[in-house]
Amino acid sequence: MSETSPKLRAELEGIPTYKPGKPAAAADGPVAYKLSSNENPYPPLPGVMESVVSAAGAFNRYPDMACTGLMNELADRFGVPLTHLATGTGSVGVAQQLLQATSGPGDEVIYAWRSFEAYPIITQISGATSVKVPLTPGDVHDLDAMADAITERTRLIFVCNPNNPTGTVVRRAELERFLDRVPSDVLVVLDEAYREFIRDSEVPDGVELYRERPNVCVLRTFSKAYGLAGLRVGFAIAHEPVAAALRKTAVPFGVSQLAQDAAVASLRAEDELLGRVGSLVSERARVVETLRGQGWTVPETQANFVWLRLGERTLDFASACEQAGVVVRPFAAEGVRVTVGETEANDIFLKTTEAFRKEL
């Protein structure tokens with residue numbers, strides 16, 4: 001028999017592996033807190049656990065492929081037609097569907113860098129070419145440079161707002177000016193995974209921008225503020241041609257019934273959700289104020305995490321945090337992203353930053 005391997009697509013060569021946040025481990029050490037994945041530290045909202053337990057009794061059945069209940073709830077919540085909605089396995093799953101629907105070999109996808117680390121992965125999987133536009137010195141999207149990077153081959157542009165991992169935002173005037181420069185046949189994806197944590201009134205709601213712009217698509221997720229990271233459910237709001245393409249590229253039955261029912265229950269408990277988010281935002285302010293008081297330069301964050309540029313000391317700092325009892329997300333030679341978590345975890349992190357700062 002031949003010893004040759006099955007032929008695989010050349011585009012898969014050299015794809016970077018997505019690196020999830022390192023799990024917390026407390027073996028033989030201090031109690032460990034996980035601040036590496038931007039998870040909500042609170043337990044499920046009232047009614048969510050009950051809905052999941054109820055749905056678990058029908059594990060032997062396929063879920064509702066059309067996500068009917070969730071789609072109706074989202075249509076009411078955002079005031080959009082059902083035909084403008086599509087669901088998927090987290091917002092990153094929907095983002096990959098967008099690549100499948102718009103881009104292939106010879107096409108270009110523009111995004112800021114550093115930004116969400118899945119962008120280069122899903123772009124390369126599609127066969128398209130990444131065009132990475134550096135952030136400004138203040139770690140914000142350089143929208144003018146991104147507009148300048150548009151060519152006849154550009155098919156899709158990601159704008160992560162707030163940006164992961166820096167937490168920085170683009171505001172209404174600059175975003176609208178950018179959208180005015182983008183050709184109408186290029187899809188602009190406003191990735192708003194952290195929308196609920198924004199307190200800057202000058203940051204626009206992408207859903208309002210989408211209403212008047214057929215080439216704008218908004219991504220949202222239940223993984224962050226809503227605390228359903230383990231159930232993998234996200235959605236897109238876009239005009240009908242784009243939303244229809246997303247429904248065509250969706251993995252059949254990809255969103256489980258547990259996820260659908262939990263998302264509906266979470267939407268119905270939104271008042272309590274917003275209270276929890278408010279507590280995290282207050283804790284975020286405390287963390288940032290303390291860090292700046294210690295002498296750190298911290299970009300203004302509108303997400304549930306902070307960004308520290310540490311350069312070559314990044315891995316040393318991540319190791320110091322782990323030894324102290326918190327796990328953070330390092331980006332080698334660049335910096336660390338640290339989720340705002342439980343008060344106890346944040347206190348450990350801040351004690352570590354204070355000690356580490358004295359060594360610099």
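The largest cavity has a volume of about 30 Å³, a volume being the space filled by probe spheres set on grid points that are joined across faces, edges and corners. The structure is a predicted model, in which local features need pLDDT of at least 70 and side-chain atom pairs count only at pLDDT 80 or more, while totals for chains, interfaces and linings use all residues. Residues are numbered from 1 along each chain as its sequence is written, and side-chain values use heavy atoms, with hydrogens and water left out.

A search of the whole structure finds 1 cavity of 30 Å³ or more. A cavity is a set of points, on a 1 Å grid over the protein atoms alone, where a 1.4 Å probe fits but cannot get out, and lining residues have an atom within 4 Å of a point. The lining of the largest cavity consists of Asn40, Tyr42, Pro43, Leu45, Ala225, Tyr226, Gly227, Leu273 and Arg276. By class, 6 of these residues are nonpolar, 2 polar and 1 charged; Ala, Val, Leu, Ile, Met, Phe, Trp, Tyr, Cys and Pro count as nonpolar, Asp, Glu, Lys and Arg as charged, and the others, Gly among them, as polar.

The chain is divided into domain 1 (19-44 + 269-359) and domain 2 (57-268), with bounds that come from an automatic or database domain assignment. The largest cavity lies between the two domains, because both give residues to its lining. The centres of domain 1 and domain 2, taken over C-alpha atoms, are separated by 25 Å. In domain 1, 25 residues are in contact with 28 residues of domain 2, where contact means heavy atoms within 4.5 Å.

Helices (H or I, at least four residues) and strands (E, at least two) are DSSP runs, numbered from the N terminus. Two strands pair if DSSP finds at least two bridges between them. An open sheet of 7 strands has the order β2-β8-β7-β6-β5-β3-β4, with mixed pairing. Strands β2 (85-88) and β4 (129-134) each have a single partner strand, so one side of each is left without a neighbour in the sheet. From one strand to the next the twist averages 25°; axes are lines fitted to C-alpha atoms, for helices over the stretch in contact, and angles run from 0 to 180 degrees between N-to-C directions. Within this sheet, β7 (residues 216-221) and β8 (residues 234-237) are antiparallel and share 4 bridges. Arginine 220 has phenylalanine 235 of β8 as its bridge partner. Helix α4 (residues 118-126) lies across β3 (108-113), β4, β5 (154-160) and β6 (187-191), and runs at about 170° to β3.

A further open sheet has 3 strands in the order β9-β12-β11, paired in the antiparallel sense. Its edge strands, β9 (305-309) and β11 (329-331), each pair on one side only. The twist averages 20° from one strand to the next. Strand β9 is joined to β12 (residues 335-339) by 5 bridges, and glycine 335 in β12 is the bridge partner of arginine 309. Helix α11 (residues 314-324) packs on the sheet and touches β9, β11 and β12, its direction making about 170° with that of β11.

Some backbone details follow. Most residues other than glycine have a negative phi, and most peptide bonds are trans. The peptide bond joining tryptophan 113 and arginine 114 is cis, with omega about 15°; arginine 114 is placed in the loop between β3 and α4. A cis peptide bond also runs from asparagine 164 to proline 165, with omega near 25°, and proline 165 is found in the loop between β5 and α6 (172-181). Aspartate 139 has a positive phi, near 65°, and its place is in the loop between β4 and α5 (143-148).

How values were computed: On a 1 Å grid over the protein atoms alone, a cavity is a set of points where a 1.4 Å probe fits but cannot get out, and a pocket is an open set with protein on both sides within 12 Å along at least five of seven lines; lining residues have an atom within 4 Å of a point.
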